[in-house]
Amino acid sequence: MGLFIIMAVPLSRICMRRTSKLRVCRSAISLSVSVRKSSANSPAVSYVQGQSPEPKIREYFYFIDHEGQLFLDDAKIKNFTSCYKEKAFLKFFIPRISPNELHPPRYPEFPFISPCGRERNFIRCDDRPIVFTELIHSTGEGSDRLCYNGVGDLLSVDFQPELLSMDPQTGRVYYPAPTADLGAGLVKSSLAIELSRCFEYEDTDENKPPRWINWKGTRLALKR
């Protein structure tokens, strides 16, 4: 049976304290009704965007796709025009992502959470919450940088090519997330195609994970 969904729209804005410290805050237009199923590929769940399950606590619900784009979970259309693009907000939001280990358990359908003061921002994703989206090649003595979740070098890690891994069943490529509790991050498909050209396979069997990567003229054994 079809359901009508009225979506809450959090309005992110950047505020400056008198101490000149940057903080991100949000106001919400309370237009939501309970959502039973936000998309065909997501498990059924009931929530209200901006709900307050206890005094002074607000809860919001998000989705990260395989391109690393962040959306409201109940957005009917998820594409570049509807994703969050404010780099200051994303720089604040993404590094705070951690496994959802609330006690007692709350919304296990959303395996990750990005806490922000008294806000609980629950997150589920197409694959992994960290998605590496761009590789910046070093022009000097520094290391190459692997950027994640679409904000360029505002969010990036040193790139060590031998830490790449590939799932031979899906062809998806992964790299260690910035924090150990998030495990591996997904490499965006367009970047994964570029990097996979450097992979070398044992006995040329591409049904098995690659064993080496030939990076800038150096053959490195993959560690994972």
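1. Is aspartate 126 buried, exposed or partly exposed? Its relative accessibility is 38%, so aspartate 126 counts as partly exposed. Keep in mind as you read on that this is a predicted model.

2. Aspartate 126 has a partner: arginine 172, with which it forms a salt bridge, the closest N and O atoms being 3.4 Å apart. That pair links distant parts of the chain, 46 residues apart. Aspartate 126 is in the loop between E7 and strand E8 (131-136), while arginine 172 is in the loop between strand E11 (165-166) and strand E12 (173-176). Arginine 172 is partly exposed too, at a relative accessible area of 29%.

3. Now have a look at aspartate 144 and lysine 216, whose side chains meet in a salt bridge at 3.0 Å, N to O. Aspartate 144 has a relative accessible area of 7%, so it is buried, whereas lysine 216, at 53% relative accessibility, counts as exposed.

4. Arginine 211 is partly exposed at 38%, and glutamate 202 is partly exposed at 40%. Elsewhere, lysine 85 has its charged end over the ring of phenylalanine 80, 4.9 Å from the ring centre.

5. How many salt bridges does a search of the whole structure find? The total is 12. Besides the pairs above, there is a network of salt bridges linking Glu54, Glu59, Arg106 and Arg120.

6. On to the rings: the count comes to 15 aromatic pairs. One of them joins phenylalanine 61 and phenylalanine 122: the centres are 5.3 Å apart and the planes are at 15 degrees, so this pair is stacked. The two residues are 61 positions apart in the chain, with phenylalanine 61 in strand E3 (residues 58-64) and phenylalanine 122 in strand E7 (residues 119-125).

7. Why do both of these phenylalanines count as buried? The cut-off for buried is under 20% relative accessible area. Phenylalanine 61 is buried because its value is 0%, and phenylalanine 122 counts as buried because its value is 0%. Both belong to one aromatic cluster, together with Tyr47, Tyr107 and Phe110.

How values were computed:
Residues numbered from 1 in each chain as written. Predicted model: local features only at pLDDT ≥ 70, side-chain atom pairs only at ≥ 80, totals over all residues. Heavy atoms only, no water. Phe/Tyr/Trp six-rings, centres within 6.5 Å; stacked < 30°, edge-to-face > 60°. Helix = DSSP H or I, 4+ residues; strand = E, 2+ residues; numbered from the N terminus. Buried < 20%, exposed > 50% of the residue type's maximum accessible area, 1.4 Å probe, protein only. Lys NZ or Arg CZ within 6 Å of the ring centre and 35° of its normal. Salt bridge = Lys/Arg side-chain N within 4 Å of Asp/Glu carboxyl O.
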